[in-house]
Amino acid sequence: MESFSFESQFKGAIRQQYTHVPLALDTIFLVTDMAPDRAERVLASCKRFLGQVRCTRESTWRVFTVEDLPPIPRLLELVEAENPGLLITYRNLTEHPRYPRSSLGNYVDSVTQATSVPVLVLPVRRSDDVDAEHLRTRLDDTDRVIVVTEHLTDDPQLVRYGAEFTGTGGLLLLSHVEDEDAYERYMHAIERIPEIDNDEARELIAARLLKDARDFVDNAAQTLHDGVLDIRVSPLVQMGRTIDTYRRLIAEHDVRLIVADAKDPARSAMSELAYSVAVEFLDVPILLL
């Protein structure tokens, strides 16, 4: 029987070339429920953390403390009216218990889903960390940034923000992880079709799933290498169990900032990957787009 043509069946993602567009963040909101003196320490840590980030150098910062923290509906109105380029906050703002592993809290959920402002979620803070010293040690620099996604070619904004938030001379890891468990489920079904050569199917489908992402990150890396920004770029395209793979990559590269897409066009909640990463890596700041 004539062999099955997998190349014609798996069209892959849209082929596109990456073009870098610089960012300029005019206003940054720092939203806390802390006393003013402690909020000022966190502000100092955030400014130091973003000190080498080009797009924040001329930014105007607005700090919310326990004395003027607006309720969620009012905060959403302020974001809509003032259109900040970035909102910085942390998990479970105003909520108790403050640090459950399975939640980001109502403030983060509402801002990420009801507005288009990027949200930088700070590492967890301890109740006894009065001087925000623990937070300061986790907000050291942005020398090693990782973009995490299962669909990198769908959203070049992830690359844009990852590149712009990588400190001068730093390393940007452009990662794309195809879910190995999903792949195996599809292969199990395909292998039950006698007309299809199983070995050929495995080879061609795996290659097809990874090819468009690899082409895109290679193009983006070359664009950024060609003098657009003074950073190093390393493509990481592979198949694996998503969170296990990211746990290994983040540890191996001592990642200082994670960039993820918080929006899921198929539903009104945060994307599954972004949420999983956000509740798994509590000690790494995460930029949710």
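Which residues of strand β3 (residues 86-89) point one way, and which the other way? L86 and I88 share one direction, L87 and T89 take the other, and all are buried. The model is predicted. The protein chain has 289 residues, and 51% of them count as buried. Its secondary structure comprises nine helices and nine strands.

**Overall chain**
- The protein chain exposes about 13,700 Å². Carbon and sulfur atoms supply 49% of that area.
- Take the contacts between residues at least 6 apart in sequence: 80% of them join residues at least 24 apart.

**The sheet**
- Nine strands build an open sheet. The order is β2-β1-β3-β4-β9-β8-β5-β6-β7, with mixed pairing.
- β2 and β7 (232-240) are the edge strands, and each pairs on one side only.
- From one strand to the next, the twist averages 20°.

**Strand β3 and its partners**
- In a regular strand, side chains alternate between the two faces of the sheet.
- In β3, L86 and I88 point one way and L87 and T89 the other.
- On one side, β3 pairs with strand β1 (residues 27-31) in the parallel sense, over three bridges. Here L86 is the bridge partner of I28.
- β3 also pairs with strand β4 (residues 119-121), again in the parallel sense and over three bridges. V119 in β4 stands opposite L87.

**Strands β5 and β6, with helix α5**
- Strand β5 (residues 144-147) and strand β6 (residues 171-179) pair in the parallel sense over four bridges.
- R144 has L171 in β6 as its bridge partner.
- Helix α5 (residues 156-164) lies across β5, β6, β8 (257-260) and β9 (286-288). The helix runs at about 150° to β6.

**Residue S59**
- S59 sits in the loop between α1 (36-49) and β2 (60-64).
- Is S59 buried or exposed? S59 counts as buried because its relative accessibility is 12%, and the cut-off for buried is under 20%.
- The S59 side chain reaches the backbone oxygen of L25 at 2.4 Å.
- Leaving aside neighbours within four places in sequence, S59 is in contact with L25, D26 and I28.
- I28 links two of these topics: I28 is in contact with S59, and I28 has L86 of β3 as its bridge partner.

How values were computed: Residues are numbered from 1 along each chain as its sequence is written. This is a predicted model: local features need pLDDT of at least 70, side-chain atom pairs count only at pLDDT 80 or more; totals for chains, interfaces and linings use all residues. Side-chain values use heavy atoms; hydrogens and water are left out. Helices (H or I, at least four residues) and strands (E, at least two) are DSSP runs, numbered from the N terminus. Buried means under 20% relative accessible area, exposed over 50%, partly exposed in between (1.4 Å probe, protein chains only). A polar contact is a pair of N or O atoms within 3.5 Å; within protein, one must be able to donate a hydrogen and the other to accept it, and residues adjacent in sequence count only if both atoms are side-chain atoms. Contact means heavy atoms within 4.5 Å. Two strands pair if DSSP finds at least two bridges between them. Accessible areas come from the Shrake-Rupley method with a 1.4 Å probe; for residues, only the protein chains shown count as cover. Axes are lines fitted to C-alpha atoms, for helices over the stretch in contact, and angles run from 0 to 180 degrees between N-to-C directions.
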